[in-house]
Amino acid sequence: MQRIMLICVGKMKERFYIDAAAEYAKRLGRYCHLEVVELPEQRLPEAPSPAEISRALGKEADAIRTKLPPGSSMIALCIEGRLRSSEGLAQLLGTWANRGEKCLAFVIGGSFGLDPGLKSEAWVQLSMSPMTFPHHLARVMVLEQIYRGFQILEGGKYHK
């Protein structure tokens, strides 16, 4: 069974996000072994300087790298990533599966995003939208789109 990780900076607190994420995690159990990893967001002052933000992103990137299994393929979710349709994401999932890779890791940064160096190491940079969403909502959206992608690949009725 394929292994998919979702590595997130920040802890979900709102029950409605937690419940929605749990529902899609349950549905994904048919298609993959899903592991969700939450990492703490670095604390910053109220009005951080660019240097403080850069240092924090670097520390978060180091923490993310420690969670990536050797040989995994990373998808960095970032605003400058490529926009894809649900069918395009399904095609990406199919390509990854056909390559025989062991683990696909989707990475969602905290409120200041992801470290540029980490993004450059990604197999794919993916943008959910040019709009800004709370990163907890992005987690639910990613899980739903992964589920939809597997449904598309199998010709399921979920995607219309």
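## The sheet and its strands

Two strands count as paired if DSSP finds at least two bridges between them. Helices (H or I, at least four residues) and strands (E, at least two) are DSSP runs, numbered from the N terminus. The structure here is a predicted model: local features need pLDDT of at least 70, side-chain atom pairs count only at pLDDT 80 or more, and totals for chains, interfaces and linings use all residues. Residues are numbered from 1 along each chain as its sequence is written, and side-chain values use heavy atoms, with hydrogens and water left out.

Let's start with the sheet. Its 5 strands follow the order β2-β1-β4-β3-β5, giving an open sheet with parallel pairing. At the edges stand β2 (32–39) and β5 (124–127); each has a single partner strand, so one side of each is left without a neighbour in the sheet. From one strand to the next, the twist averages 30 degrees. Angles run from 0 to 180 degrees between N-to-C directions, and axes are lines fitted to C-alpha atoms, for helices over the stretch in contact.

## A closer look at the pairs

How many bridges join β1 to β2? There are 8 bridges between these two parallel strands, and Leu6 stands opposite Val36 in β2. Of the 8 residues of β1, 6 are buried (under 20% relative accessible area; exposed is over 50%, and partly exposed lies in between, with a 1.4 Å probe and protein chains only). That is why β1 is largely enclosed by the rest of the structure.

Strand β3 (residues 73–83) runs parallel to β5 and is joined to it by 5 bridges. Ala76 has Gln125 in β5 as its bridge partner.

## Helix α2 and Ala56

Helix α2 (residues 50–67) lies across β1 (2–9), β2 and β4 (103–108), and runs at about 160 degrees to β1. Ala56 lies in helix α2. Is Ala56 buried or exposed? With a relative accessibility of 7%, Ala56 counts as buried.

Leaving aside neighbours within four places in sequence, Ala56 is in contact (heavy atoms within 4.5 Å) with Gln42 and Leu44. Ala56 and Phe112 are 56 residues apart along the chain, and their C-alpha atoms are separated by 9.0 Å.

## Helix α5 and its partners

Two packed helices are described by the angle between their axes and the distance between the axes. Helix α1 (residues 15–28) packs with α5 at an angle of about 20 degrees, their axes 9 Å apart. That makes α1 roughly parallel to α5 (angles under 35 degrees; over 145 is roughly antiparallel, 65 to 115 roughly perpendicular and the rest oblique). Their contact has 11 nonpolar, 1 polar and 2 charged residues. Ala, Val, Leu, Ile, Met, Phe, Trp, Tyr, Cys and Pro count as nonpolar, Asp, Glu, Lys and Arg as charged, and the others, Gly among them, as polar.

Helix α3 (residues 86–99) packs with α5 at about 75 degrees, with the axes 8 Å apart. Therefore α3 and α5 are roughly perpendicular to each other. The contact of α3 with α5 has 7 nonpolar, 4 polar and 2 charged residues.

## Val140 in helix α5

Val140 sits in helix α5 (residues 135–154) and is buried, with a relative accessible area of 9%. Not counting residues up to four places away in sequence, Val140 touches Tyr17, Ala20, Ala21 and Tyr24.
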